Amino acid sequence: MTCHTWTWEKRHRCTRPRSSQASTLHLPSQLFKTLVVDDLFDLVGTQEELALFTEAVKIWNTEASDSLPSCMRSCYKALYTITNEIADMAEKENGMNPVNHLRKAWAELFDGFMVESRWLAAGQVPAADEYLRNGVVTSGMPLALAHVLFLLGHDHAAYTEATKLSDHIPPAISCPGKILRLWDDMGSAEDEAQEGLDGSYRDFYLMENPSCTPGDAEAQMHSLIAREWEELNRECFCRRTFADSFTQACLNAARMVSVMYSYDKEQRLLVLEDYAGMLLL
């Protein structure tokens with residue numbers, strides 16, 4: 001997680017004017033909260049508690065958390081406070097408050113976690129493609145990029161572009177999310193310290209294709225990652241659905257993923273160490 005937030009902040013701050021960089025300091029905090037929420041869903045909450053937790057996020061009122069266990073209540077109040085602070089900062093810079101869009105992004109993340117939690121509780125094995133579609137949301141990438149969209153907004157441009165997020169996740173966001181989910185699942189499979197309680201694309205692919213080996217499954221995952229990169233490049237350099245500043249952030253997010261998962265057998269991120277060394281020169 002340290003790698004994730006450090007790399008995100010460095011890549012994102014390089015594209016922001018100095019007057020706006022203070023607001024980006026909240027991004028690592030929001031990314032960290034997605035991991036906390038994920039653990040609450042995987043390891044702590046009952047189905048009833050998690051349903052109430054998800055409903056509280058949709059209500060978006062501090063009183064909605066009163067019936068939650070203390071750990072969920074603390075998490076809810078923290079994400080509620082920081083999200084509103086980010087929205088206030090965006091309003092000061094761009095003239096409009098995006099809190100409704102950001103709360104919707106949080107609600108969609110919670111809905112994705114609820115889907116995974118129900119699969120786990122019921123012992124249900126989803127299709128690999130179904131898991132991956134939901135995994136784009138639970139990767140946290142759409143939530144992170146929703147924040148970036150408004151922090152990069154120029155006057156009302158971000159709000160016009162936000163309408164493109166209403167019905168589906170556009171490729172500029174879904175491609176980095178899918179790249180992150182696939183790399184994370186491969187990393188979880190190789191790292192014995194990660195329990196992977198809610199499964200992985202590799203697991204479900206092997207269940208669907210019993211004649212395949214783990215190596216075959218990882219080859220399929222690498223193929224999917226390459227396909228997502230092709231689609232992301234088309235989106236960012238040909239279609240240009242969003243403003244250049246936002247598409248650059250989406251590209252940087254996808255590039256960041258390859259750095260995050262370039263660790264060796266000793267869990268060292270040699271590429272990141274090189275980057276850090278260059279900054280200290």
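**Close-ups of rings and a buried glutamate**

**View 1. W106 and its contacts.** Setting aside neighbours within four places in sequence, W106 touches Q30, K33, T34, V57, W60, L79, T83, L143 and H147, with contact meaning heavy atoms within 4.5 Å. This is a predicted model, where local features need pLDDT of at least 70, side-chain atom pairs count only at pLDDT 80 or more, and totals for chains, interfaces and linings use all residues. Residues are numbered from 1 along each chain as its sequence is written, and side-chain values use heavy atoms, with hydrogens and water left out. W106 sits in helix α6; helices here are DSSP runs of H or I with at least four residues, numbered from the N terminus. Its relative accessibility is 0%, so W106 counts as buried (under 20% relative accessible area, with a 1.4 Å probe and protein chains only). The C-alpha atoms of W106 and V57 are 7.1 Å apart, although 49 residues separate the two along the chain.

**View 2. The F41–F53 ring pair.** There are 11 aromatic pairs, counting rings of Phe, Tyr and Trp (its six-membered ring) whose centres lie within 6.5 Å; planes under 30 degrees apart are stacked, over 60 edge-to-face, and the rest tilted. F41 and F53 make a stacked pair, at 6.3 Å centre to centre with 20 degrees between the planes. The pair links distant parts of the chain, 12 residues apart: F41 belongs to helix α3 (residues 27-44) and F53 to helix α4 (residues 47-59).

**View 3. W60 against Y76.** With ring centres 6.4 Å apart and planes at 70 degrees, W60 and Y76 are an edge-to-face pair. W60 counts as buried at 8% relative accessibility, and Y76 counts as buried at 0%.

**View 4. A cluster of rings.** Ring pairs join F41, F53, W106, F110 and F113 into one cluster.

View 5. E116 is found in helix α6 (residues 99-122). What does E116 lack, despite being buried? It has no salt bridge, which would take a side-chain nitrogen of Lys or Arg within 4 Å of a carboxyl oxygen of Asp or Glu. The nearest side chain of opposite charge is R181, 4.8 Å away. The E116 side chain does make a polar contact of 3.0 Å with the side chain of T138 (N or O atoms within 3.5 Å, one able to donate a hydrogen and the other to accept it; residues adjacent in sequence count only if both atoms are side-chain atoms).

Notes:
Helix = DSSP H or I, 4+ residues; strand = E, 2+ residues; numbered from the N terminus. Buried < 20%, exposed > 50% of the residue type's maximum accessible area, 1.4 Å probe, protein only. Lys, Arg positive; Asp, Glu negative; His and termini not counted.
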